[in-house]
Amino acid sequence: MNIINFLHRVNWFFIILLLLISSIGVALLYSIAGASWDPWASNHIIRILVSLVALITISLVNIEFWYKLANPLYLFGIFLICLTFLFGKEVSGAKRWIDLYIFSFQPAEIVKVFVILALAKYFHSIKLQSYDIKQRIFFPLLILFVPVILIFKQPDLGTAIIIFLTGIIVLFLSGVQMKTFFLSGIGGLVSLPIFWTVLEDYQKSRIINFLDQQSNTLGANYHITQSKIALGSGGFFGKGFLQGTQSHLNFIPEMETDFIFSVLGEEFGFLGILFLFFLYFILIFWVIKISLESKNYFSKIFGISFIASFFLVIFTNIGMVTGIIPVVGVPLPLCSYGGSAILSNFIGFGIILSGYNYRDFRLHNV
Amino acid sequence: MYKYPNIDKLLSRRTFLLGLGKGVLFSSIFFRLAYLQLFKSDQYKVLAEKNRISLRLITPLRGNILDRNDNILALNKNSYNVLIEGNKSRSEIEKTIQKISRIIYLNDTDINKIYNTFSTKKKSDLPIVIKKNLKWNELSSLNVNLINLPNVFIEKGIRREYPFENIAAHVIGYMSDPVKSDIKTNPILQMMKTDIGRSGIEQSYEKELRGFPGTKHLEVNAFGREIREMSKEESVSGNDIKLTIDIELQKYASSLLKDKLGSIVVIDVNNGEILALESAPNFDPNLFTKSISQEEWNELINNPMSPLVNKSISGEYSPGSTFKLIVLYSALINKVIKPNSTITCSSKINFGDRNFYCWCHKKKTGCWATRSNTRKVGPELAIAQSCDGFFYELSKKVGIENIVETARNFGLGSKSGLNLKGEKVGLVPNKSWKKKIYKQSWKIGETMITGVGQGYLTTTPIQLAVMTAIFANNGKKIFPTIFKGIEKTNTYSDEIFTTQTLNQSSFFSLIKTGMFSAVNKPFGTAYSSKINKPIFAGKTGTVQVRTISENERELGIIPNKDLPIEKRDHALFIGFAPYKNPKIAVSVVVEHGGSGSKVAAPIAQKIFKKALL
């Protein structure tokens, strides 16, 4: 394989799209550090480049390899989460991180990819069989619930919910009957009070404060109040690059991670947000398009599910910073500072590209 | 059995449905953002500005207080205050206060004050004072730890200092934190990190002294750290206040009353300027600016000698024999006696159901001793010797209403007009007053008691000084003042204010001759205080604070030195000097000091020497 062949096989359009979105994150991280590459922007670039190498590598490997590796990866993911309980680094009461000396890693992020992978493989392997409720619903739910419950116990409610909903989306795509969703939807609503009892106190208070955003604006609702001020004061055109007062004067909390979208809204206004939305839209649309074009079911279901999950995270993050859903700590994909999320997303996209590169390859059940 | 449809078609359909779902979710955030960024933008822009801009008041420099010779009696010193941004939640402030209390000492009063301010303040973005006037060690340990104390900052302020400490404390007054009622009337006080005047000049001239605060708008970050100054409006300093007080004389007066209770008032007889206004015991006004402790405060207000009370204007004392000048003057202008007529002093007068004794009763010396035992006493001798018998008879003849009218003309029974809080008016009793208060008619005996300056009658030391000054300057009305900046003195300088105009100057000179003799003739009551330079004239007063029983009179009156302090007589002296060309008048009151001639007159004499030589 010579270099020209290599360059030819890399999906430049897609990679440039990813880098464009990521560079918005870099610009914002540069801005909030007070026009400085340190401490976030430079690290963010390094992480993107490392993740990019992983993405390209993964994308050039035959999809069959990933198909075969799906189950081992899933088990490896579960193993990583179990490790957090044993050796996890405790950050404000939650053990989500594994400290690898050089860097820390949040396994829940990558487990999201592995769960989709495992479910895609599962549905691929049973696709020709008849509708059997055990096969169609119960076993997939088992695959789903093991990591979700473990992550919920870390506790990382946000990621647990995202993975859970992603799993439900996979089930939806795989053709589980609509009436099953309606029934379980009603069942879910009924069992909400039970869900309430297993929540931690801080999680409950977040929900209560969400329902009462006008009060306690200096206390529990401080984050969201300041975030809304940042977004609102940005107006249509924004205050300009490096000109955000809410961010530069530190009024927005956790602005390099969960609340980076508020910084975008403040400095670049509604216009800047529309631009980011446009990039996200192309990305999502393109992934759905190439996934549907694939000849094998595994690639299709993985691509569409992964990008649905990607959308879900975007929605959750923006919904949170704009105050339409409660505060759950999920980062804005590709923009927020955080290596685990970037790497996981790039790995996911790498598998999607692998599926695209080998779209004519027919997978056989293993 | 469910027939499974074509799986790829199904996937496409489900993907489409999923896309619709995504569209719904997306439009919710889209419209939410449009609402925040397009419709509510102006509102949030205001909130963002409020977030980052902190309004700070610049405390104006308070005016200094000067004495007549431009000695500084009160001035500003730099102080350092620690404050916390006000636009934070209570729990956040509590947390920070806890941290601070581990670094510097905050007592419960301090902490309660912070929370009071926090819960009552209206303008939420103004910082709250945590502690004022930091000591050096507090300042340095706070500075080191400031990085761990979000929203806390240290600001330079001013602190009042009184270099003469106790001297003239009652005149100057003191300052302390504004309390709730102050803030109610003047909300800006809460935002200014300044004390307000609580007594004396500091209080009376609060407005002139305070000046107007400036403002500055600072850009602050979420931790309350100042990023830059955006705009600034300078404060306007308060005006200096120059007093008529001579601090050296005041200091001397203070030393004369050391370990005593009482008052010394020194007044310029020509323009009413107060040269000294001493009340003993006094206090150190610096205590209050150094954030006085509860114990120190309790000690001050519960002290039976009431050091915080300005006795010169608030002490109401029977004038005793000093009042005889008024009775005599009243008799002369009402033509009850002629300057050369005499009254026989019988040393004991039985009137009604009680006896009235002259001080000469049962004494070898006395009202008759010098004049070959005639017991015939004329006005000059009556004043010089303070003959009670003479004044019992005389006041009976003059009548209470005439005495009262004269007394009022000399300023008794009304405020002197000094602009100081807490001035009392004393009491000049007459028939209608008694009817009103006691529902009883006036008795002649009460006129006689009033005639020797006892009974219901009370006066303040400042009133006595003004009265003396009027005698000294032959009836020219004066308005006492302590404030040199306002030229309202002498407005009525040529007004001779008595109601009748016949022969008054001869009446005044007759009375002044009596006062001269009281000091300068061997038979005078204050002869032991006589000096040749300056020659002064005066009148002693010894005020009984207890009733002397008939039995005690028979056995011999217990001398003051054998009595417990609180039963001893008040010693009074009023006088003026130089005799020929009067410049200053003095009133001296020493509570429970003993006799006027032994205790009060020597003090007055020293004051005259100090002030005029």
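What is the strand order in the open sheet of three strands in chain A? The order is β1-β2-β3, with antiparallel pairing.

Before the details, some ground rules. This is a predicted model, where local features need pLDDT of at least 70 and side-chain atom pairs count only at pLDDT 80 or more, while totals for chains, interfaces and linings use all residues. Residues are numbered from 1 along each chain as its sequence is written, and chains are lettered from A and ligands numbered from 1 in the order in which they are written.

Back to the chain A sheet. Strands here are DSSP runs of E, at least two residues, and helices are runs of H or I, at least four residues, numbered from the N terminus. Two strands pair if DSSP finds at least two bridges between them. In the open sheet β1-β2-β3 of chain A, the edges are β1 (89-91) and β3 (104-105), each with a single partner strand, so one side of each has no neighbour in the sheet. Strand β2 (residues 94-99) of chain A pairs with β3(A) over two bridges, antiparallel. A:Ile98 sits opposite A:Phe105 in β3(A).

Now chain B. An open sheet of three strands runs β1-β8-β9, again with antiparallel pairing. Its edges are β1 (53-58) and β9 (226-233) of chain B; each has a single partner strand, so one side of each is left without a neighbour in the sheet. Neighbouring strands of this sheet are turned by 25° against each other on average, direction ignored. β1(B) and strand β8 (residues 214-220) of chain B pair over six bridges in the antiparallel sense. B:Ile53 is opposite B:Glu219 in β8(B).

Next, helices. In chain A, helix α3 (residues 41-60) packs on helix α15 (residues 339-357) at about 25°, with axes 7 Å apart. That angle makes α3(A) roughly parallel to α15(A), the word for angles under 35 degrees. Axes are lines fitted to C-alpha atoms, for helices over the stretch in contact, and angles run from 0 to 180 degrees between N-to-C directions. The α3(A)–α15(A) crossing is right-handed; that is, the near helix is turned clockwise from the far one by less than a right angle. Residues in the contact include A:Leu52 and A:Leu55 of α3(A), and A:Phe346 and A:Leu353 of α15(A). Contact requires C-beta atoms, placed from the backbone, within 7 Å. By class, 13 are nonpolar, six polar and one charged. Nonpolar covers Ala, Val, Leu, Ile, Met, Phe, Trp, Tyr, Cys and Pro; charged is Asp, Glu, Lys and Arg; the others, Gly among them, are polar.

Chain B has a helix pair too. Helix α15 (residues 324-333) and helix α22 (residues 504-520) of chain B cross at roughly 145°, and their axes come within 10 Å. This crossing of α15(B) and α22(B) is right-handed. B:Leu325, B:Leu328, B:Tyr329, B:Leu332 and B:Ile333 in α15(B) meet B:Gln504, B:Phe507 and B:Ile511 in α22(B). That contact has seven nonpolar, one polar and no charged residues.

Last, the chains together. How many residues does each chain put into the contact? Chain B gives 35 and chain A gives 39. On the chain B side, α1 (7-39) and α2 (41-52) each supply at least two residues. The largest share, 17 residues, comes from α1(B). The chain B side divides into 18 nonpolar, ten polar and seven charged residues.

Notes. Parallel < 35°, antiparallel > 145°, perpendicular 65-115°, else oblique. Contact = placed C-beta atoms within 7 Å.
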